[in-house]
Amino acid sequence: MASQNPIPLLTPYNMGEFDLSHRIVMAPLSRYRSYKNVPQPHAAVYYSQRATKGGLLIAEATGVSHTSQGYRETPGIWTREQVKAWKPIVNAVHKKGAVFFLQLWHVGRVSTYGFQPEGEAPISSTDKGITRGLEGVDWAPPRQLSNDEIPSIVNDFRVAARNAIEAGFDGVEIHGANGYLIEQFLKDKVNDRTDEYGGSLENRCRFALEIVEAVTNEIGSSRVGIKLSPYTDFMESIDSDPDALGLYLAKELNKFDLVYLHMIEPSVLSGAGIEDEVPHKLLPIRKAFKNTFIASGGYNRSKGNLAISENHADLVAYGHLFLANPDLVRRFELDATLNEYNKKTFLSRDPVFGYTDYPFLEEAN
């Protein structure tokens, strides 16, 4: 980034042991192009297109086990074949000088019988199902995990983290957001347990913190981040006191010295003007967490610069804008026009169309 007076987003930042050249993060986005849950060679093109020297990329949500799937053609990291398939993708990103984290995912009740081994019911904190379908999908009623089963799920995350490091990733992001398994434990409108994993705020957070402990013990806290979304209602996951939930987790996560906390802005839920939401709602959580704080959800160039300049975030993650603009960092530097993303291609399984065919700035001119 050679600008004489760089914008805040283009200033360097030290994220633990990682020296970043700018504050623009590629957010994880599911792309449905990992056939039979195995990452494909075209992913190396996709991610390396968006990689910059000293930039941070977070790979798409990746399943930790055979029970973790809920969408077609999403990648995994629990088999030797998957680990091997990720290696050239990671290498392509590292050749560009970027830092690459892998998001670890278990969908929990956001699944159907067809995605589960032996056609069994999906697992969750609860046996309450999702009432609203998604594009005609009828989510299968889940089965509440027993206390005896929970340690094996925690272990799945631990092994997946180890596999990610073996594949060459610089670290992992634990997916504790968007209504998936971890959040199904966190939020009181989903979690109806009466044991030590339900009821009180401390109990509901126990599962997430056990996963954090297992993963950090396995690969080291300097390589572990987590993503949370206390204010959203994705997949009918709602909490009655998101302020308390977010603040409690931030303080508890400090005990593990995680390299970052990635939070989704409440504006994604509310639809309110981003100017009203961005600087203030997450600020108590940002102040409570002692390490790198990443904000995402509805940001553009100007709002991202504002968040950095006013110290409301250390880094800003971009999803759809990065999808449609492989050279987003360069475009932000020049304040150039952005490509518009095409929602119709988001769920495509094509290895090129809507994936690696978005033009770079030079090609568009």
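Predicted model: local features only at pLDDT ≥ 70, side-chain atom pairs only at ≥ 80, totals over all residues.

Tutor: Residues are numbered from 1 along each chain as its sequence is written, and side-chain values use heavy atoms, with hydrogens and water left out.

Student: What makes residues 201-219 a helix, and which number does it carry?

Tutor: Helices are DSSP runs of H or I with at least four residues, strands are runs of E with at least two, and both are numbered from the N terminus. Residues 201-219 form helix 5, and Asn-203 lies in it.

Student: How do you know that the span of helix 5 agrees with its number of residues?

Tutor: The expected span is 1.5 Å times one less than the number of residues. For the 19 residues of helix 5 this gives 27 Å, and the end C-alpha atoms are 27 Å apart, so the two values agree.

Student: Where is the kink in helix 5 centred, and how is the bend defined?

Tutor: The bend at a residue is the angle between axes fitted to the seven residues ending there and the seven starting there. In helix 5 the kink is about 40 degrees and is centred on Phe-207. After the helix comes Gly-220, with a positive phi near 95 degrees.

Student: Why is Asn-203 called buried?

Tutor: Buried means under 20% relative accessible area, exposed means over 50%, and partly exposed lies in between, using a 1.4 Å probe and protein chains only. Asn-203 has 17% relative accessibility, so Asn-203 counts as buried.

Student: What does the side chain of Asn-203 reach, and which residues is Asn-203 in contact with?

Tutor: The side chain of Asn-203 reaches the backbone oxygen of Gly-198 at 3.1 Å. A polar contact is a pair of N or O atoms within 3.5 Å; within protein, one must be able to donate a hydrogen and the other to accept it, and residues adjacent in sequence count only if both atoms are side-chain atoms. Leaving aside neighbours within four places in sequence, Asn-203 is in contact with Asp-195, Glu-196, Tyr-197 and Gly-198.

Student: What makes the pair Asp-239 and Arg-204 a polar contact?

Tutor: Their side chains are joined at 3.0 Å, which falls within the 3.5 Å limit. The side chain of Asp-239 also reaches the backbone nitrogen of Asp-241 at 2.9 Å. Asp-239 sits in the loop between strand 9 (224-228) and helix 6 (242-254), and its relative accessible area of 8% is why Asp-239 is buried.

Student: What makes a β-α-β unit right-handed, and which elements make one with strand 4?

Tutor: A crossover is right-handed if, with the strands pointing away from the viewer, the path from the first strand over the helix to the second runs clockwise. Strand 4, helix 2 (residues 80-95) and strand 5 make such a unit. Strand 9, helix 6 and strand 10 make a right-handed unit as well.

Student: How many bridges join strand 9 to strand 8 and to strand 10?

Tutor: Strand 8 and strand 9 pair in parallel over five bridges, and four bridges join strand 9 to the parallel strand 10 (residues 260-264). Ile-226 of strand 9 is the partner of Ile-174, and in strand 10 the partner of Ile-226 is Leu-261.

Student: Why remark on the phi of Glu-73?

Tutor: Most residues other than glycine have a negative phi. Glu-73 is not a glycine, yet its phi is positive, about 55 degrees. Glu-73 is found in the loop between strand 4 and helix 2.

Notes. Contact = heavy atoms within 4.5 Å. Pairing = 2+ DSSP bridges.
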